[in-house]
Amino acid sequence: MSEEIVIIGSSFSGLGTAIACAKHGYKVKIIAPKGHSNFIGGLQIAPNGFAALSSIGVEKEILNSAVRLLAVNIKSLDTAVTLTNIPLSSSKAPYVSIGRQALYEILLNKCLANSLIKFIDATVLAISSKNNNTRLALSSGEVITAPIIIGADGLNGKTSQFVSPSGTQKRAGYSIYRGIFPASIVPTGFSYPNVQLWLGNSCHLVSYPIQNGEAVNFVFAFSENAFSSHSIDSIFCDHPVLSMLGEYIDNWHLTSIKRIVSLSNWRRGGITLIGDAAHPMPPHLAQGAGQSFMDIACIENGLGKGLSLSDAIYNMITIRMPEAHSVAKKSQLSGNIFRIGRPIAGLRNQLISMAGQKVISDFLQDLWLTA
Ligand SMILES: Cc1cc2nc3c(=O)[nH]c(=O)nc-3n(C[C@H](O)[C@H](O)[C@H](O)COP(=O)(O)OP(=O)(O)OC[C@H]3O[C@@H](n4cnc5c(N)ncnc54)[C@H](O)[C@@H]3O)c2cc1C
């Protein structure tokens, strides 16, 4: 098979799609500027995303670099008291955490080792369509076209704007601090192979170990209008356990989150969206990259059944669009509950300590593969 497919973007969706297509003999060109990878922090890969990774054969490499997470501990941010523990041991696939850079390198090395995959050192500056021909103008001055183009350029990329020009982005009203700390400087409990979810008033903190437990990844989300100062040191300064985290201001990176309406169309002309370009995910259930792996697995599965690439992509859109929209809604709802303000936050914590283990396990059984 020699049909050429062009992929825009060389993060998790782009590299994963390249591996899946090359596995079935397709020649792939990935458009990505060299040396522009900026992978801050870690990722959780929930069992659904991990199971999907088997389609591109990288589970072993990932397990070698990942921490296998055993439970989700939910705590009160105000009192540090545990509200509930949810074991992850009954999942049908591992639940892991991994540094973003480590995951990127695993996928990149697999692409570099495959002679069917080539890289074009450029960014896409503009996309146009004429007579059913989709053309990409590159920063190198080249203009290229291909029968099949995959937009894996993320939620702010050019391809989602091209496919859905009326798509809107608004401020979501909350921001996120991300930080990585050496395990040696944070309280020991944060290095346990667990996800910790600390629920506060209008804010929440998630932590999990990465780099074989040598570092801990923190994500702190807060409603912007509930905090007079948005500086991390003033947010944490009086906290009995977390105040030390606020002292390391340089470790934290602040991102204001945008709310993006789910796209009802993932294809225009020769371009099909995948990953965040197709279905931006609120980050609260740690599903964004995992959902991208599920898109890729769906294409690979179609190719494995003998579909043409074009049909496998069409099949992916049909199957994955409703699934991804449903997970995005669950993530949004979870974030709203995690960030709820006083006085309901106290009631939320009481309910979680009484019935959280069952309710949350049931709510997430399709993502954690515990059904
Ligand atoms: C705070 C936070 C925590 C998260 N935690 C998790 C988690 O624990 N687990 C999880 O599964 N997901 C998580 N996510 C989501 C996850 O990061 C994304 O879903 C994932 O990165 C999407 O991958 P992607 O390849 O689709 O897009 P991206 O990672 O956004 O990559 C897009 C790529 O396209 C390139 N690009 C853009 N424009 C162009 C252009 N014009 N030309 C060429 N290249 C271009 C970019 O440089 C980039 O390399 C989190 C997200 C946030 C914000």
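The model examined here is predicted. Ala80 is found in the loop that joins strand 5 (71-76) to strand 6 (82-87), and although it is not a glycine, its phi is positive, at about 65°.

A positive phi is also adopted by Ser202, again a residue other than glycine, with a value near 60°. Ser202 is placed in the loop between strand 14 (194-199) and strand 15 (203-210). Because 18 C-beta neighbours lie inside 10 Å, Ser202 is classed as partly exposed. In a further loop, between helix 9 (309-338) and helix 10 (344-363), lies Pro343. The peptide bond leading from Arg342 into Pro343 is cis, with omega near -5°.

An open sheet is built from 3 strands in the order 3-7-4, and its pairing is antiparallel. Between strand 4 and strand 7 (residues 96-99), the antiparallel pairing extends over 2 bridges, and Arg68 is positioned opposite Val96 of strand 7. Helix 4 (residues 100-112) lies across strand 3 and strand 7, and runs at about 85° to strand 7.

The ligand is surrounded by 34 residues, of which Gly9, Ser11, Gly154, Gly275 and Gly288 are the closest. By residue class, this shell comprises 14 nonpolar, 16 polar and 4 charged residues. At least two residues of the shell are supplied by each of helix 1 (12-23), strand 3, strand 13 (169-182) and helix 8. The greatest contribution is that of helix 8, with 4 residues.

Of its 17 residues, 15 are buried, so helix 8 is largely enclosed by the rest of the structure. Just after helix 8, Gly306 adopts a positive phi of about 95°.

Definitions and conventions
Residues are numbered from 1 along each chain as its sequence is written. This is a predicted model: local features need pLDDT of at least 70, side-chain atom pairs count only at pLDDT 80 or more; totals for chains, interfaces and linings use all residues. Two strands pair if DSSP finds at least two bridges between them. Two residues are in contact if their C-beta atoms, placed from the backbone, lie within 7 Å. Axes are lines fitted to C-alpha atoms, for helices over the stretch in contact, and angles run from 0 to 180 degrees between N-to-C directions. A residue is buried if 20 or more other C-beta atoms lie within 10 Å of its own, exposed if 12 or fewer, and partly exposed in between; C-beta atoms are placed from the backbone. A residue is near a molecule or strand if its C-beta atom, placed from the backbone, lies within 6 Å of it. Ala, Val, Leu, Ile, Met, Phe, Trp, Tyr, Cys and Pro count as nonpolar, Asp, Glu, Lys and Arg as charged, and the others, Gly among them, as polar.
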